[in-house]
Amino acid sequence: MHDRWRRAEAPAREALGDLPGLVCFSHLRWGFVWQRPQHLLSRLARLLPVYVVEEPVFAEGAPELRVAIDGDITLLTPQLPAGMQRSWGFNAVTNPLIRDLTTTFFADRALLRGARPWTGPGPITWYYTPMAFGAEPVDLDPGLIIFDAMDELASFRGAPAELRSREAALMASADLVFTGGPSLYEARRDRHPSVHCFPSGVESAHFAQAARGGSVPADLAVHPQPVLGFYGVLDERLDLDLLAAVADTRPDWTIALVGPVVKIDPADLPQRPNIIYYGKQDYKDLPRFLTGFDVALLPFAQNEATRFISPTKTLEYLAGGKPVVATSIPDVVSLYGEVVRFADEPAAFITAIEAILAELPAERARRLAAAAA
């Protein structure tokens, strides 16, 4: 735990002391890539009970609620009949069943209105997807409703058509709206009286392991240097043509891509002798991969899915002491423009990488000092 969090925890605990818990509805599974929801909720769970309601899974049999414990977090995963699988996620079809399952769970724990052994406010409800608005338990009577807009979900591939209308309904009921970066804030600041720009942070000590050097995964260490690396979800937000062009132009460079493939056909990923895919890796192992990167990449495409993104990994790369080359994503430019190099076309992207690889010791020292600041 960071000192800053220790200093903040005592007053935060006092401020939250009257609240009986937090119920979060998330479109991201807890066991997926460790990111903003896991960082925030695992810390809040030190202060009050936290329940995370995931999107449903589908299996034969009657609806039931799977309950699991991960550290201080209680995970609730609705299991719905296999015949409903076409209605994936939170939506008008699945939400009533999810509501019934969670109502029973929270009633058994005396957290619903009329059964509580206290007279104060109900739990916080915290939403990462507007599609879950309406899936909350009957009579939960939340003491605070929070919408944490970490992404512009309506712009993602396969987004439900009703997502924007569900967001409008959620924002009309929410007490607080957080946004994951400046672009999302600007898009929502006039749509609610209490919108707050809340960019993601970084566990700096965790990623600083890469700056100190250390062991590199054996299957990465065997490839030729320099190694250009990216970790994160491999989806429609990546500029696959850019990566292929860099690989073709500089076959002596190794491009390491670490992360799960989501929403795109793996067959669409560029296949080159010098592009290596490592699949999903545990959060605890990311500093080891970062140690092996000579240059860290943010090779995002310029499309609707990336217009509002604010990649957490930017700070992680910088905390690991790595130089960063990115395409000109607005939030990266506005937040980290002084310490990141930008290029959008293959030739310029390669030139930016070459400039980093050729930097003199004094230049490197200045870059590291700026990144640390």
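Reader: Which residues does His196 touch, leaving out those up to four places away in sequence?

Author: Contact here means heavy atoms within 4.5 Å. By that rule, His196 touches Leu176, Val177, Phe178, Thr179 and Tyr185. Bear in mind that this is a predicted model, where local features need pLDDT of at least 70, side-chain atom pairs count only at pLDDT 80 or more, and totals for chains, interfaces and linings use all residues. Residues are numbered from 1 along each chain as its sequence is written, and side-chain values use heavy atoms, with hydrogens and water left out.

Reader: What about helix α3: which of its residues are buried?

Author: An α-helix has 3.6 residues a turn, so residues three or four places apart point the same way. In α3, the buried ones are Asn95, Ile98, Leu101, Thr102, Thr103, Phe105 and Phe106. Their cover includes β1 (22–26), β2 (50–54), β4 (64–70) and β5 (73–81).

Reader: Which residues join α8 to α12 in contact?

Author: Leu242, Ala245, Val246 and Thr249 of α8 meet Pro346, Phe349 and Ile350 of α12.

Reader: And what comes just after α3?

Author: Ala110, with a positive phi of about 55 degrees.

Technical notes. Buried means under 20% relative accessible area, exposed over 50%, partly exposed in between (1.4 Å probe, protein chains only). Helices (H or I, at least four residues) and strands (E, at least two) are DSSP runs, numbered from the N terminus.
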